[in-house]
Amino acid sequence: MSFLKEFTENIIESIPVGIVTLDSALKVKYWNRQMESMAGIEKSNASDRSILSLLPWIPEDILKQIQHREITCRTPDHKTFKIYISPFKDPSGGSVVIIEDITEQERLERERKNILSMFAHDMKNPVIVAGGFLSRVRSCREGPLSEMQQDCLEVINVELKKLEELVRDFLEFSRFEAKECKPVIAAFDMEATLSKLIETEKMEANEKNIAILYEKIPERASFIVNADCAMISRVFTNLIDNAIRYTNSGGTVSIKLSSRTNDILIQVIDTGVGISENHIPYIFDAFYRISRDTKGSGLGLSIAKTIVEAHGGRISVASAPGKGSTFSFTLPK
């Protein structure tokens with residue numbers, strides 16, 4: 001028993017997080033080495049003292065709750081700690097408190113978001129200016145162009161539009177990261193919006209000889225939900241665009257709208273190239289692309305996931321190589 005006690009204490013002392021045990025009166029019974037470093041209080045000075053006097057920035061009501069909980073606290077000297085509290089199972093009361101210093105992690109995350117936002121905004125203006133001057137040159141206002149010049153300018157125009165799309169995705173993603181985009185909830189007719197989007201998408205689908213099918217289940221059900229029209233329309237567009245992009249000529253893209261008891265299910269089903277099983281767990285991660293040859297920013301599905309979850313829904317994918325993909329998401333009624 002003595003060996004086990006010493007072994008356990010050595011493990012606890014070497015763990016890079018603060019560990020404190022409290023009795024039912026919130027008095028400290030154990031205070032590991034990492035707590036000494038984080039709080040600047042030695043174990044001998046912490047023992048049998050109230051944790052509220054030692055760490056007054058931890059809310060008292062949280063410590064007194066008899067259930068597992070996790071909170072984030074900021075101290076007066078601008079440090080940030082993540083705190084996990086677990087009550088002991090024995091009737092004597094008390095709890096174990098695990099404290100992790102995430103100040104540096106939070107700073108790096110904040111800087112990352114600031115860089116994303118700055119980069120996206122700073123890229124937008126040069127693209128707009130370049131597009132404006134390109135349009136002016138192509139209009140022949142400064143004089144006629146040779147056929148070779150027109151061909152070169154067309155290539156520039158196509159590539160500039162690709163860059164503009166990447167910047168738009170990047171800018172939108174940076175806003176979500178900074179939590180600037182919140183759904184503006186209103187009555188939203190999904191059926192009417194989808195019908196219009198499908199007509200627009202048919203132009204690109206026809207060029208690739210891809211059929212677009214649309215089905216409502218049941219046919220006469222109401223598909224009106226409370227949602228942000230612009231955001232959900234973006235989800236529709238992202239999923240349908242992807243389906244068309246990765247479906248070969250002669251294939252099919254099917255959109256199904258199903259009214260269920262508590263939610264509405266939307267499915268975009270294609271007969272395209274499919275996705276390997278090892279890629280599926282990461283397909284909704286930001287900037288994730290299946291291969292270097294994959295077009296796009298790698299942000300479309302991440303943005304779609306963020307929007308759907310902001311509305312209280314869920315998004316998923318089922319796919320296999322050579323058998324196509326089914327992207328599904330739900331929105332609560």
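How much space lies in the largest cavity?

Analyst: This is a predicted model, and every value below is computed from it. About 30 Å³ of space lies in the largest cavity. The count of cavities of 30 Å³ or more comes to one.

By class, the lining of the largest cavity has seven nonpolar residues, with no polar and no charged ones.

The largest share, seven residues, is from α7. Sorted by class, the lining of the second largest pocket has eight nonpolar residues, six charged residues and no polar ones. The lining of the largest cavity, by comparison, has no charged residues.

Helix α9 leads on to the packing of helices. α9 spans residues 229-245, and its axis comes within 10 Å of the axis of α8, residues 190-207. The two axes cross at roughly 30 degrees. Angles under 35 degrees count as roughly parallel, so α8 and α9 are roughly parallel to each other. Their crossing is right-handed. On the α8 side, the contact is made by M190, T193, L194, L197, E201, E204 and A205, and these meet S233, F236, T237, I240, D241 and I244 in α9. This contact of α8 with α9 contains seven nonpolar, three polar and three charged residues.

α9 also packs against α10, a helix of residues 300-310, at an angle of about 145 degrees and with the axes 9 Å apart. The crossing of α9 with α10 is left-handed. From α9, the residues in contact are M231, I232, R234, V235, N238, L239 and N242, while α10 brings G300, L301, I303, A304, I307 and V308. Nine of the residues in this contact are nonpolar, three are polar and one is charged. In short, α9 crosses α8 in the right-handed sense and α10 in the left-handed sense.

Two details of the backbone remain. Most residues other than glycine have a negative phi, and most peptide bonds are trans. D48 is not a glycine, yet its phi is positive, at about 65 degrees. This residue, D48, sits in the loop between α3 (43-46) and α4 (51-54). The other detail is the peptide bond from I217 to P218, which is cis, with omega near -15 degrees. P218 belongs to the loop between β7 (211-217) and β8 (224-227).

Definitions and conventions. Residues are numbered from 1 along each chain as its sequence is written. This is a predicted model: local features need pLDDT of at least 70, side-chain atom pairs count only at pLDDT 80 or more; totals for chains, interfaces and linings use all residues. Side-chain values use heavy atoms; hydrogens and water are left out. Axes are lines fitted to C-alpha atoms, for helices over the stretch in contact, and angles run from 0 to 180 degrees between N-to-C directions. Helices (H or I, at least four residues) and strands (E, at least two) are DSSP runs, numbered from the N terminus. Angles under 35 degrees count as roughly parallel, over 145 as roughly antiparallel, 65 to 115 as roughly perpendicular and the rest as oblique. A crossing is left-handed if the near helix is turned anticlockwise from the far one by less than a right angle, and right-handed if clockwise. Contact means heavy atoms within 4.5 Å. Ala, Val, Leu, Ile, Met, Phe, Trp, Tyr, Cys and Pro count as nonpolar, Asp, Glu, Lys and Arg as charged, and the others, Gly among them, as polar. On a 1 Å grid over the protein atoms alone, a cavity is a set of points where a 1.4 Å probe fits but cannot get out, and a pocket is an open set with protein on both sides within 12 Å along at least five of seven lines; lining residues have an atom within 4 Å of a point. Grid points are joined across faces, edges and corners, and a volume is the space filled by probe spheres set on the points.
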